[in-house]
Every structure is written in structure tokens, then in C-alpha cells.
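User: I'm new to this one and would like to go through its aromatic rings. Can you take me through the labels step by step?

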Amino acid sequence: MAVKIEKGGWIIIFLLGLGVFAFGLKYWGILDLSTIFSKSSSSTSGGSSAKVDTTQPLPASATSSKATNEVRVRVNIWVGCVGGLVANGGLDTAAGSIYANKDLKVSFKIIDDWTEGAAALATGNVDIMLTTADVWAKDFGQFQDKGVNARAFYMVDWSRGADGVIGKQGINSIEDLAGKTVAFAPYTPSHFLLWNGLKESGLSTEQRNEIFKNAVHTKDGIEPATLFAQQKVDAAVAWDPDMSDAVAKRPGAKKIYDTRIANRLIADILVVSDRFAANNPQTLVKFIEGWLEGVQFIQKNPSRAYTLIGTIKDFNIPEDLAKTMLGGVKLADYSDNQSFFGSAGADSDYANIFKMAQDMYRELRLIKHTGDVEASVDRRYVASLSGKFSSAPTEAPIIYKEPPKSAAPIATQHRAIYFDTASAKMSVDSRAVVDEIGGMMRAYENTVVDIEGNTDSTGSRGTNMELSKQRADAVKNYLVEKYHFPPERMRTIGNGPDRPIADNGSPDGRDKNRRTDIKVYPNPAAKS
């Protein structure tokens, strides 16, 4: 019986024949298909498999024929990037600008969605992205799983009041958020600010999970403020000036805590792909040098920065609003960058934030494991500018004042810190617990902390009162010695058996009563 082959059938037969022919060429060593496909993969991935060695000195000149003076930077609509915008004269390099005079062609590309911004860097559609250290902890973990290499290399700014948590009347502390409805933008700095505050409070894991389960998710930090002002939610994580406006519109509402208190928690940074960095080390040096010069210009001519932001139509931020928004930001200078990134292996603000954020995103199952902090950063570009900018700190040391007796803490932690029997000598395994307190105090630098020792009712009250005070002092001394916190920032109290939180009649109750309470207050000396 004759079989009629349709037109589509001939195409299939042709493709099968071509496949057999190609396999024969590969088999006899005439054609290497792996080379072809690897080149195709490399071109579509933006060269994401490139990797730089941060232990080696930066090359003094371009090391590749692919070197370029063109830099594409992802930004979201945020005033913190004004240092780069001033250096560039706008979104694209203007003639006579700082970057133009350095023979750079910089293009700032507005990609407001955080996930899309990370995707643009991973695929090579931008060379650098503006993000925050906490969000970078998530992106870095996901990049590592996909074989994409990139590193943080410049600090842009600190949030100093621009982000905060607000609550309705009756919500005076983080613990008061239990059972309440909170609006926030997930997987953004707002999410991290809320998660971190809840974690550093006295709320149980179940209570924290319940808050997130009942939360209202939004696309940005503006909508939560609107929902709060409309009394549709009990609390919100929002941005200023919308945050302050929402509080003013709702009688009895207040700001629970913000980044004036948690003043070393939210930091904007720049991340560069290894693909770009490997080929353009000196371009990156000139890029951050120009950005720092832009910051210096703003420090001398702040009104010019407000005007520039007002002229960028896609930002849609009027000049007066730009001034207000920049009031909640500390633009990072050279000294800030040195301090923020620190040295390899040392405690630093960057490492502190990165580790805390990794814990959050692992808990959310958005990253599979905690990555090496050192693999996520490249300090060489900032270091290469040593001597060109002042390393002297530009911020005065914080002055701490004792909270009034009527002050209520914004958070109270109940910590199990163990000591040798009848002794104020802290057990070795409890140091990790106190280190967590140290990390919190570092991020919430503008706070005053009470350390209260508590015992069960076993033994004499007088002995327990004295021992509980000695143990509180031991915790304070550890924090002073290891983290160099000013002693006047911490008050120690020995409550002995006088403030039980459980029944002393059972072993479990006595165990709960043997605790250290950490009460966190806003620093009364801080500027509001």
C-alpha cells in the first residue's frame, strides 16, 4: 500500500536527517557541538558565568578588548541615588558633567520593580543595580544557585527616618502588633524592617507568624500609608513623607519605630556584575569616584540636588518633596563606605545586615542556604580611592540620654542567658545569645537598653537580688568589651525573684523566670 507523505512530514524527515548528519560529524571529530552551544548560552546569559578574584589587586588598565566607558545602572525611583544623578547631570550623561569629564557615558535606567531589577543585572541588560543590603542578601543567594556572579561594591546611603512602622491608637510597642493587621510591601526593605523588629521583640514565633499570615501585601511603601490613613489596617510599614502624613490623618496614631532609631539597618548599595567588573575595573573606579564627587557637590549645594531631582520627569518628585525626602537620608561619603564594608572577615554593618537578611529569606524559603558574606562584596574599588577622599568620619558620635521613668520600651526581649551555678560567669554557649543582642544594638544604634537580671524564688531574696544584678552587669560588660558600645547606653538592674513571668511552683516555671530581659528604648537625645 502506498503511503503519501504530507509537507509537514518531509520537514520532520529533513530535521531527523540533519540531526544524524551532525552526530556523524561530531562522532568523527569534525564538528564540536558543545563549543557552539556554550557560545550561544554565554551570549544569552549576559556572560553571567564570569568571575572576578577579589583577592587580587585591581588592574591598572583595561584587561579586555570588551572594555567600555559605557555604564548602564538600574535605579528605582528613589532620591538616595542623587549623588550619581548629579555626577551625570541627569539620567543620561550631560556635557560638562562630572562623568562626562571622566570620559564616562552613564545611563540610569528606571526599573522600579525589585525583582525585575535583579533580573536585568543577571541577564546583562544593566551592568550595575541599585538595591539595599537586605534585598541583596536574597538576590545573592538566588544568583549563586543560578551561576550568576555579582558583588556589592559601593554604599549609597543610610535610611535615617525615611522608613518606619506606624500604628493606630493603642499600639505603642512592637509587642502590641500581636493580633493586628499590618500592611507592607513584601520582599522589600519594608518587609525586612518589620521582620527584624518583630524578631527583636518579645513576641513568640507563633505570634510573629500570625502577624505575617494576616498581613496586607502591597506593591510599594506608599500604598500601606494610604490604607492606614483610610483606617483599613491597624498598622503599616511605610515611607516618608507618606508615613508622617498618614499618622497626622489618623487621630491617636503614632510612629512605633523607624530608621532614625534603627539607623544602621536599611542601607542602599550598588551591586556590579562580575561580567562587567572583570572587563572594566578602572571604569568602575572612575564611576564611584564621580559618584563621591557628586555627593561632595550636594553637601556644598543641596538646593541644586533638589532642583535636579525635580527636573527628572520619570521620577515625578517635585523639588520641595525631594528636599523633604532627602531629610530622611544620609548620603554616604568615602568614610561611610570604609566603615560600612569594613575589612575582610571583620564585623561590619554590611555583614550584620546581610546575615540578618539571609536569616529572613531562608525562613521564607526564598534562598536555600546562607552564603559566604565575603563572596558577596568587593572592597577594592573603594580602597583604590584611598587618599583622594577624607577618611575622617563626618557624623558626630551619638550622645545617649537616660529615658524618663515614664518611658515605655518599644520592645522587650526575654532571653535565656545561662551562668555557672551561684556565679556571674556567663556560660560559653550563651555568648551566641548575647551576640544576637549585640547585632540588634548595632543596627538599632539610636537606642538605650536596659539589661534586667531575673531569678526564680529558690534561695534567699537578698542573694538573688545581688546575683541578678551581677549577671546583668556581666552581659553589659561583654557587650562593651566586644562591640565597644558606650557604657552609658546600657543600664543594668537586678530584679531577683520579684518579677516572675511564670509559676515558681514548677521546674518549667522556674526555668522561665531565670532570664535576662532586654528592654529597648528610643534614645531621648535623638533628633526627631
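User: What makes Phe 485 buried or exposed?

Analyst: Buried means under 20% relative accessible area, exposed over 50%, and partly exposed in between (1.4 Å probe, protein chains only). Phe 485 has a relative accessible area of 9%, so it is buried. Tyr 483 comes in at 18% relative accessibility and therefore counts as buried too. Bear in mind that this is a predicted model, where local features need pLDDT of at least 70, side-chain atom pairs count only at pLDDT 80 or more, and totals for chains, interfaces and linings use all residues. Residues are numbered from 1 along each chain as its sequence is written, and side-chain values use heavy atoms, leaving out hydrogens and water.

User: Why is the pair of Tyr 99 and Phe 287 called stacked?

Analyst: Rings of Phe, Tyr and Trp (its six-membered ring) pair if their centres lie within 6.5 Å; planes under 30 degrees apart are stacked, over 60 edge-to-face, the rest tilted. Here the centres are 5.3 Å apart and the planes are at 10°, so the pair is stacked. Tyr 483 and Phe 485 are stacked as well, with 5.5 Å centre to centre and 10° between the planes.

User: How do you know that Arg 74 sits over the ring of Trp 114?

Analyst: The rule asks for NZ of Lys or CZ of Arg within 6 Å of the ring centre and within 35 degrees of the ring normal. The charged end of Arg 74 is 5.4 Å from the centre of the Trp 114 ring and sits over it. Arg 491 likewise lies over the face of Tyr 521, at 5.6 Å from the ring centre.
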